[in-house]
Amino acid sequence: MNKVRYILLLLLFLLPVTGSQAFAASGGQEPFDAPKVIFEHLKDAYEWHITTIGDKHISIPLPVIVYSERAGWQFFSSSVFHEGEEYNGFYLSRHGDNEGKVVERNAAGNEQRPLLDISITKNVLAIFLNGALLCIIMLLTSRWYRKRGDSNAAPRGFVGAMEAIVTMVIDDVIKPNIGEKWARFTPYLLTVFFFILLSNLMGLIPIFPGGANVTGNIAVTLALALCTFVAVNVFGNKEYWKEILWPDVPTWLKFPLPLMPFIELFGIFVKPFALTVRLFANIFAGHTAILVFICLIFITMSVNKYLGGAMTVISVFFTVFMNILELLVAFIQAFVFTMLSAVFIGLAQPQHHAKS
């Protein structure tokens with residue numbers, strides 16, 4: 001119970017931080033633009049905003065790396081964009097489809113994106129930080145086992161919790177769904193599980209180094225889904241490809257019109273799409289709900305201070321509730337993504353269909 005109490009106190013402490021950031025994002029002026037504030041917190045950026053004190057924005061500038069036909073490779077700090085300045089013709093677009101992106105003007109005077117943009121954005125830096133933190137956690141955990149060698153002593157505390165989670169994922173997810181070749185895919189699936197879990201948890205912390213919407217970014221979830229796509233189709237056995245290209249159905253469903261092979265091939269690409277959207281939508285929706293409850297405080301306060309005071313109590317309650325719920329969702333989404341990946345990989349190893 002003490003641990004739960006500490007978590008609640010931490011959430012209550014961080015709530016004003018999130019609220020002050022939301023209010024600062026609106027400029028502290030009326031009318032309060034809730035959609036703008038919400039999407040500014042959820043979208044990626046070329047800097048990591050920490051807080052705002054008065055009119056001063058405290059941010060961590062990040063490196064911008066772009067390539068265009070006009071200027072070639074360019075490397076500079078995003079701090080040049082703070083006052084709406086340009087660097088060698090590059091600037092941040094303030095409107096249209098490219099809003100918030102680095103753009104330049106072509107010969108006709110129209111905005112266009114550079115041919116290549118590999119900048120270290122907020123989400124990219126968060127991925128690096130989460131990856132480094134994950135490596136530190138795993139190295140510290142493995143250190144306990146290296147020190148004790150062949151000892152039968154059971155780990156306690158954090159190491160014991162890590163062992164329980166790893167054992168649960170292996171015994172309840174990986175082994176049952178993949179079968180006899182489970183050990184081959186265990187490193188990948190455990191890495192995916194803990195990376196998603198850690199990224200989800202870090203996203204709930206509204207202050208640096210947390211607060212980045214990593215798994216709520218569809219590009220990140222797509223990259224994770226493509227890793228599973230490769231694991232499924234590159235390491236799928238002959239029986240798997242036979243079921244796709246020449247399944248055991250009546251011949252007229254395969255020749256001359258390859259109806260079933262087409263459906264099976266289509267299914268190959270549906271699986272990563274399902275993984276991508278499921279993780280992205282759940283995390284994005286959870287973060288949006290929390291921000292909506294916080295924005296309700298400022299919206300109602302601008303209408304009537306008494307209504308705003310009452311709504312503050314309600315919003316704080318629901319925000320804390322949503323944060324606690326998001327702790328559960330963080331684990332569930334990591335578990336579901338890993339489980340579905342294991343299921344898809346297991347379906348690509350159909351040993352039970354092999355002829356004796």
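## Terms and model

A residue is called buried when its relative accessible area is under 20%, exposed when that value is over 50%, and partly exposed in between. By this rule phenylalanine 335, with a relative accessible area of 23%, is partly exposed. The model described here is predicted.

## Two pairs of aromatic rings

The structure holds 15 aromatic pairs. In one of them, the ring centres of phenylalanine 185 and phenylalanine 235 are 6.1 Å apart and the ring planes meet at 80°, so this pair is edge-to-face. The cut-off behind that label is an angle over 60 degrees. Phenylalanine 185 belongs to helix α5 (residues 182-203), while phenylalanine 235 sits in the loop between α6 (218-234) and α7 (238-245). The two are 50 residues apart, and their pairing links distant parts of the chain. Phenylalanine 185 is buried because its relative accessibility is 4%, whereas phenylalanine 235, at 35%, is partly exposed.

Phenylalanine 331 and phenylalanine 335 make a stacked pair, because their planes are at 20° and their centres 6.3 Å apart. For stacking, the planes must be under 30 degrees apart. Both residues lie in helix α9 (residues 305-347), four residues apart, which is about one turn of the helix. An α-helix has 3.6 residues a turn, so residues three or four places apart point the same way. Phenylalanine 331 counts as partly exposed, with a relative accessibility of 29%.

## A cluster and two charged neighbours

Four residues, Phe76, Phe81, Tyr87 and Phe90, form one aromatic cluster. Arginine 70 lies over the face of one cluster member, phenylalanine 90, at 5.1 Å from the ring centre.

Another ring with a charged residue over its face is that of tryptophan 182. Here the residue is lysine 175, at 4.6 Å from the ring centre.

## Helix α6

At the start of α6, a side-chain oxygen of asparagine 217 comes to within 2.9 Å of the backbone nitrogen of alanine 219.

Which residues of α6 are buried? They are Val220, Thr221, Leu224, Ala225, Thr228, Ala231, Val232 and Asn233. The elements that cover these buried residues include α3 (122-148), α5, α7, α8 (259-303) and α9.

Conventions
Residues numbered from 1 in each chain as written. Predicted model: local features only at pLDDT ≥ 70, side-chain atom pairs only at ≥ 80, totals over all residues. Heavy atoms only, no water. Phe/Tyr/Trp six-rings, centres within 6.5 Å; stacked < 30°, edge-to-face > 60°. Buried < 20%, exposed > 50% of the residue type's maximum accessible area, 1.4 Å probe, protein only. Lys NZ or Arg CZ within 6 Å of the ring centre and 35° of its normal. Contact = heavy atoms within 4.5 Å. Polar contact = N/O pair within 3.5 Å; in protein donor to acceptor, adjacent residues only side chain to side chain.
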